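Subject: Structure handover and findings

Hello,

I am passing a structure on to you, with my notes after it. Please look it over before reading on.

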Amino acid sequence: MNEIGLYLSDVFNIEFLVKLLRASLLLILGFIFAKLLSYYSTRFSEKIFTLQTSFLIKRLIYHLIFILFIFSALLEMGFNLNVLLGAASVLTVAVGFASQTSASNFISGIFLMAERSFSVGDVIRVGSTVGEVLSIDLLSVKLRTFDNLFVRLPNETLIKSEVTTLTKFPIRRLDLKISIAYKENIEKVKTILQQVASDNPLSLEEPKPLYIFQGFEDSSLSLQFSVWVKRENFLELKNSIYEQIKIAFDKEEIEIPFPHISLYAGSATEPFPIKITREKNQ
């Protein structure tokens, strides 16, 4: 009992309580200082960097400042930091070997943020996945698809894959694939398409619509009619202009063909007539 009493008296002496109080004050001041410095650094960095980069800078500054104050508090308590740093080095090496994939994603995340090919709020396509970028973190990029699904893509995947940013520029080109019958007048069809684009308020006058004759298909003439639109109106224009083209073609009696096959015996013969008959029950 005497030994326990001596131990408690050594632990809870005035000097130890003073060190504990100083260490606690250091932690409280470190927390407040880290919060303030990270807050004001964000207000400054938002003028230069993207929102996501500013958010990462804020978190980095906060953790660095607070860790420094934690070390100061440990020194105040009399801990030997050399032992802690040695143990941390061994642990870092062990974790590094065990998490090579995470390290690769971390490095890839730094390249993504430095390259700035897309930012938070952009719509990107990676493979068959299309969605709005919610965040760009050090290990992964989070997307929300148009059917409201949450998708997490590792940064290494984005570095190795083709990434298309659909909202990088203020306008986009809508390519319309159109087929018409061989008997139709191409110039007339071109005039109709130009008029449809002109009548649609979402279609931009500049750049001008683009008309391309793509070739002869098995049952039709293949055309491409491209119009420019503001990126926020892309889907609305795509829905409306196809409907307007169908109405205009019906009004001008322009045939939109379906695939069919004609049988010929030679270049000078007429197509074989086809007649569908029903077998009589015997």
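The notes below go from the overall picture to single sites.

Overall

This is a predicted model. The protein chain has a mean pLDDT of 79, with 74% of its residues at 70 or more. Residues 3-8 are a part to treat separately: pLDDT stays under 50 there, and the model gives that stretch zero contacts beyond four places in sequence.

The protein chain holds eight helices and eight strands. It has 282 residues, of which 28% count as buried. Taking the contacts in the protein chain with a separation of 6 or more, 63% of them are between residues 24 or more positions apart.

Aromatic rings

How many aromatic pairs are there by the rule used? The count comes to two. One of them is formed by Tyr182 and Phe216, which are stacked, with 6.2 Å from centre to centre and 10° between the planes. Tyr182 is in the loop between β6 (171-180) and α7 (186-199), while Phe216 belongs to strand β7 (residues 210-216), so this pair ties together parts that are 34 residues apart in sequence. The other arrangement involves Phe213 and Phe216: their ring centres are 5.5 Å apart and their planes stand at 80°, so this pair is edge-to-face. The cut-off for that label is an angle over 60 degrees.

Phe216 is exposed, with a relative accessible area of 62%.

Leu221 is in strand β8 (residues 221-230). Its relative accessible area is 4%, so Leu221 is buried; the cut-off for that is under 20%. Glu184 is 37 residues from Leu221 in sequence, and the C-alpha to C-alpha distance between the two is 8.9 Å.

Ser222 is in strand β8 as well. At 10% relative accessibility, Ser222 counts as buried. Setting aside neighbours within four places in sequence, Ser222 is in contact with Ile178, Phe213, Gln214, Gly215 and Glu217.

The largest pocket

What volume does the largest pocket have? It comes to about 270 Å³. The lining is made up of Val123, Arg125, Val130, Phe146, Leu166, Thr167, Arg172, Arg231, Glu232, Phe234 and Leu235. Two elements, β1 (123-126) and α8 (234-251), each supply at least two residues of that lining.

Two of the lining residues, Arg172 and Phe234, also form a charge-over-ring arrangement: Arg172 lies over the face of Phe234, at 3.8 Å from the ring centre.

Backbone

Some backbone geometry may be worth a check on your side. As background, most residues other than glycine have a negative phi, and most peptide bonds are trans.

Which peptide bond is cis? The one from Glu206 to Pro207, where omega is near -5°. Pro207 lies in the loop between α7 and β7.

Arg116 has a positive phi, near 55°, although it is a residue other than glycine. Arg116 is in the loop between α5 (100-115) and β1, and at 40% relative accessibility it counts as partly exposed. Glu253 likewise has a positive phi, near 60°. Glu253 lies in the segment after α8 and is exposed, with a relative accessible area of 66%.

Regards

Note on methods: Residues numbered from 1 in each chain as written. Predicted model: local features only at pLDDT ≥ 70, side-chain atom pairs only at ≥ 80, totals over all residues. Heavy atoms only, no water. pLDDT = per-residue confidence, 0-100. Contact = heavy atoms within 4.5 Å. Phe/Tyr/Trp six-rings, centres within 6.5 Å; stacked < 30°, edge-to-face > 60°. Helix = DSSP H or I, 4+ residues; strand = E, 2+ residues; numbered from the N terminus. Buried < 20%, exposed > 50% of the residue type's maximum accessible area, 1.4 Å probe, protein only. Lys NZ or Arg CZ within 6 Å of the ring centre and 35° of its normal. 1 Å grid on protein atoms, 1.4 Å probe; cavity = no way out; pocket = protein on both sides within 12 Å on 5 of 7 lines; lining within 4 Å. Points joined across faces, edges and corners; volume = space filled by probe spheres on them.
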